[in-house]
Amino acid sequence: MANRLLWADDEIELLNAHIIFLKNKGYDVHTVTNGPDAIEACKTEPFDLILLDENMPGLTGLETLTIIKEMHPSTPVVMVTKSEEENIMEQAIGSKIADYLIKPVNPNQILLTLKKNIHHKEIVTEQANSAYQQNFGKLAMQISDARTIEEWKEAYKKIVYWELELERADEQMHEMLKSQKEDANNMFGRFIKKNYMDWMASSRESRPLMSNDLFRERIFPLIDKGEKVFFIIIDNFRHDQWRVLANEIGKDFSIEEELYTSILPTATQYARNAIFSGLMPSQIKEMFPHLWIDEEEEEGKNLNEEELISTQIARYRRKDRFSYGKVVTSAAADKYIDTINSLSHNDLNVLVINFIDMLSHARTESLMVRELAANEAAYRSITLSWIKHSAITKLFRYLADNNYTVVMTTDHGSIQVENPTKVIGDKNTNTNLRYKLGKALSYNSKDVFEIKEPAKAFLPAPNLSTSYIFATGDKFFAYPNNYNYYVSYYKDTFQHGGISLEEMLVPLVTLRPKGR
């Protein structure tokens, strides 16, 4: 169906050549010669775009614009005028025009503004589809040729790039990319199986930057250079979510970004405690047994984070003054910001933000939230909406204004799970869907990464016969009992704890105020 245009101009007869040009391009053009007629036309039928002369006698273009916008706020209006006076332009822009053309206009100018305002999404989508098809083979080769963690990081960045580019693509493009991502995660799982235990036996120089390295290698050096550091950990934060937030946060900061590798399990109890302590989980349990909570204990697993930070600072014989805070609700965020000036004397301020992790859990438990975050694009969109409309935006603005260096990261990401794999364990086996630890676990070894000697992976072992298993790709563990109900309840939920690009390769971003 042809796009419908309304063109209001008191000299419309002089624009006949332009109107014929647009009709030949397939547009249905309706014309009027004054503001009241334009308003009446808008009352009776919808238009895809309105061209409005600013200098019409009687009801002016700006006055007409105001009335039309009250009736149809989402319809793009292009102001056409002979005047280049700054105040008129400002009034028009303030009234939320879509574009501004100076007379005499030529047909190609008009066609360009139509493409920008009516066809922009479909043009961008078509170009993205074409570009992805051309790069499909190149991405497939990049995935299949990845042999190092750095090559996997680059492959994952490229996958996320195309995910964002193809958000509005047709179903065929989505399926192609989804298939490539599944292949990538399966190959990444094999890569981790082959290399993870070697990393655990290696020195820092021979393995990737991991959870327990962050303070030593990314936080302490900044403090030593005299920078005021704010370390923000957004629980369960993925690289694709960071990419959609980058433009919003980047308004006030220059950005340096990288990915680091989360330890296994990619779960808060293990990965975040490793970040704050600078130790692997079994080392925490050995050196500070009162600060480690085993899986089978009902006590909260992350209640000792502030104490763990203190132990790391003391272990490196540092005297850094620091604060620790955790924000779970909007009210808590507001309260934190109200008292933030009192933190200015510290060398380091650490803040944990739990919104995304809460969203992930709520999506599993609430049908309404699952509908709102039906897929990964919606999940990203909610994350962006949160940062725009929560007190966190105010926090970042304050940090920029007060010349803080901000290091922002996460403890792990999450993956949308689809394929169940059966596991059998005793009553003491933990409940996580992406990793299990226990005695005499029964499972399909092809679907998991097994660690039968936890000590070699620096993992606590409650019993001598304890082993760990980690789901790879988009799999999740399901028990044979009540299997169908269990699978239908958890299928397509976002889970963490296992091995995937989304869970293990997570953002580490350094933000410095612009103009420092």
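User: How many bridges join S8 to strand S9, and do they run parallel or antiparallel?
Analyst: In this predicted model, 6 bridges join S8 to S9 (residues 348-353), and the two strands run parallel.

User: What does the chain cross through to get from S8 to S9?
Analyst: The chain passes through helix H14 (residues 330-338) on the way, making a β-α-β crossover that is right-handed.

User: OK, new topic. What's the strand order in the open sheet of 5 strands?
Analyst: The order is S2-S1-S3-S4-S5, with parallel pairing. Strands S2 (28-32) and S5 (99-102) are at the edges with a single partner strand each, so one side of each has no neighbour in the sheet. On average, neighbouring strands here are turned by 20° against each other, ignoring direction.

User: What holds strands of a sheet together anyway?
Analyst: In general, strands of a sheet pair through backbone hydrogen bonds, in either a parallel or an antiparallel way. Here, S1 (residues 4-8) and S3 (residues 49-53) pair in the parallel sense over 4 bridges. Among the partners are Trp-7 and, in S3, Leu-51.

User: Which strands do helices H2 and H3 lie across?
Analyst: H2 (residues 35-44) lies across S1, S2 and S3, running at about 160° to S1. H3 lies across S3 and S4 (77-81), at about 175° to S4.

User: Which residues of H3 are buried?
Analyst: In H3 (residues 61-71) the buried ones are Gly-61, Leu-62, Thr-64, Leu-65, Ile-68 and Lys-69. They cover an arc of only 155° around the axis, which puts them on the same side of H3.

User: Why would residues a few places apart in a helix point the same way?
Analyst: An α-helix has 3.6 residues a turn, so residues three or four places apart point the same way.

User: Let's switch to S16. Is that strand buried or exposed?
Analyst: Buried: 5 of the 5 residues of S16 (residues 467-471) are, so the strand is largely enclosed by the rest of the structure. Ser-467, Ile-469 and Ala-471 point one way, Tyr-468 and Phe-470 point the other way, and all are buried.

User: How does S16 pair with S13 and S15?
Analyst: With S13 (residues 435-438) the pairing is antiparallel over 4 bridges, and Tyr-435 has Phe-470 as its bridge partner in S16. With S15 (residues 448-451) the pairing is antiparallel over 4 bridges too, and there Val-448 has Ala-471 as its bridge partner in S16.

User: Where does Ser-262 sit?
Analyst: Ser-262 is in the loop between strand S7 (253-261) and helix H11 (268-277). Its relative accessibility is 0%, so Ser-262 counts as buried. A polar atom of the Ser-262 side chain lies 3.1 Å from the backbone oxygen of Asp-411. Leaving aside neighbours within four places in sequence, its contacts include Met-210, His-412 and Glu-503.

User: Last one: is Lys-422 buried or partly exposed?
Analyst: Partly exposed, with a relative accessible area of 48%. Lys-422 is found in strand S12 (residues 419-424). Not counting residues up to four places away in sequence, Lys-422 touches Ser-442, Tyr-443, Asn-444, Ala-478 and Tyr-483.

Notes: Residues are numbered from 1 along each chain as its sequence is written. This is a predicted model: local features need pLDDT of at least 70, side-chain atom pairs count only at pLDDT 80 or more; totals for chains, interfaces and linings use all residues. Side-chain values use heavy atoms; hydrogens and water are left out. Buried means under 20% relative accessible area, exposed over 50%, partly exposed in between (1.4 Å probe, protein chains only). The arc is that of the directions from the helix axis to the C-beta atoms. A polar contact is a pair of N or O atoms within 3.5 Å; within protein, one must be able to donate a hydrogen and the other to accept it, and residues adjacent in sequence count only if both atoms are side-chain atoms. Contact means heavy atoms within 4.5 Å. Two strands pair if DSSP finds at least two bridges between them. A crossover is right-handed if, with the strands pointing away from the viewer, the path from the first strand over the helix to the second runs clockwise. Axes are lines fitted to C-alpha atoms, for helices over the stretch in contact, and angles run from 0 to 180 degrees between N-to-C directions.
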